[in-house]
Amino acid sequence: MLERLLELEILDRSLVVGAQAFSALIPLLIVLSSLGARGGRSLASGVIDRFGLSGDGADAVRRTFAVPADDTALTVLGGLVVVYSSLAFARALQRAFELTWNLPRRGMRGTGWGLLWIALIAVYWTVVPVVDDELPAPLGTLAALAASFLLWLITPYVLLARRVWWRALVPQAALSAIGMTVLGIGALIYAPQTIGSSAAQFGAIGVAFALLSLLWAAAFVLVTAAAIGSYITLPAWPPVSPGSVTPPSSSTAPARAS
C-alpha cells in the first residue's frame with residue numbers, strides 16, 4: 001500500500017487539488033459575501049461563529065469578507081469566473097481520481113460531469129446545514145456523517161463519468177467521510193489559533209494562509225482515501241461499470257501521476 005501511495009505521488013497531487021480548491025474558493029466567497037449580506041447575515045459572521053474567533057482573527061475575517069456596497073452587483077463576468085475556477089478545481093479532483101483508478105484522462109470531455117458535480121455540491125451545502133441545525137446533537141452528527149459518506153460516494157462516481165461501479169467506490173467514500181469528519185473536528189481546534197496568529201502577523205492575508213492550509217489537508221485526505229480505496233478494491237473485481245465509455249484496462253499496474 002505504501003508503494004502504491006508513493007507511486008501515485010499523493011503529496012504532489014494533494015497540493016495541486018488544494019491549490020485549485022483555493023483558487024475556486026476565493027471568487028466563490030466573494031459571491032457568497034454579497035448574497036449573505038442581502039440575506040441579512042454576512043459570511044464573515046458565519047465564519048467567526050463557526051470557529052469561535054475573536055480579536056485580531058475576527059477583525060481579519062471581517063476585512064477579508066467585507067460586505068460589498070449596496071450598489072455593488074454581481075456581474076456576468078464575475079459569475080463566469082466562479083464557474084471557470086470551480087471547473088478547474090473539479091478537473092484537478094477528477095484527474096486525481098483517474099490516476100488512482102488507472103483510468104485515461106478525459107480532460108475537457110468531462111466538463112459536463114464537472115458542471116453536474118458543482119450543482120450537486122451547491123445542493124449539498126444548501127440542504128445539509130439546514131437539516132443539521134434542525135436535528136438534536138447525536139442524531140445530527142450521525143446524519144452529517146451519512147451525508148458526508150453519500151457526498152464522497154457520488155463525487156468520484158460523477159467526476160469519473162460513471163466509469164467505476166458505485167459499489168467499488170464504497171471503501172473510498174467511507175474513508176473520505178471518516179477522514180473529513182476528523183479533519184473538521186481538528187479544524188475547530190486548529191483554525192482559531194492559526195487564523196488569530198496569522199492575522200496578527202500578516203493581516204487579512206493571514207486568513208488566506210489558514211484557509212489554504214486547511215484545503216491542502218482536505219485534499220490530502222481525499223486523495224489518500226481514493227488511493228487506499230482503489231488499492232483495496234482493484235484486486236477484488238473489475239471496477240469499470242457497464243455504462244463506461246472506456247473499456248477496462250488489461251493492466252492493473254499503477255499509473256504514475258503527471
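Me: In which helix does Ser-86 lie, and is Ser-86 buried or exposed?

Reply: Ser-86 lies in helix H5, where helices are DSSP runs of H or I with at least four residues, numbered from the N terminus. This is a predicted model, in which local features need pLDDT of at least 70, side-chain atom pairs count only at pLDDT 80 or more, and totals for chains, interfaces and linings use all residues. Residues are numbered from 1 along each chain as its sequence is written, and side-chain values use heavy atoms, with hydrogens and water left out. Buried means under 20% relative accessible area, exposed over 50%, and partly exposed in between, with a 1.4 Å probe and protein chains only. Ser-86 has a relative accessible area of 13%, so Ser-86 is buried.

Me: With which residues is Ser-86 in contact, leaving aside its neighbours within four places in sequence?

Reply: Contact means heavy atoms within 4.5 Å; with those neighbours left aside, Ser-86 is in contact with Ala-24 and Ile-118.

Me: Where is Ile-232 found, and why is Ile-232 called partly exposed?

Reply: Ile-232 is found in helix H9, residues 204-233, and is called partly exposed because its relative accessible area is 45%.

Methods: Helices (H or I, at least four residues) and strands (E, at least two) are DSSP runs, numbered from the N terminus.
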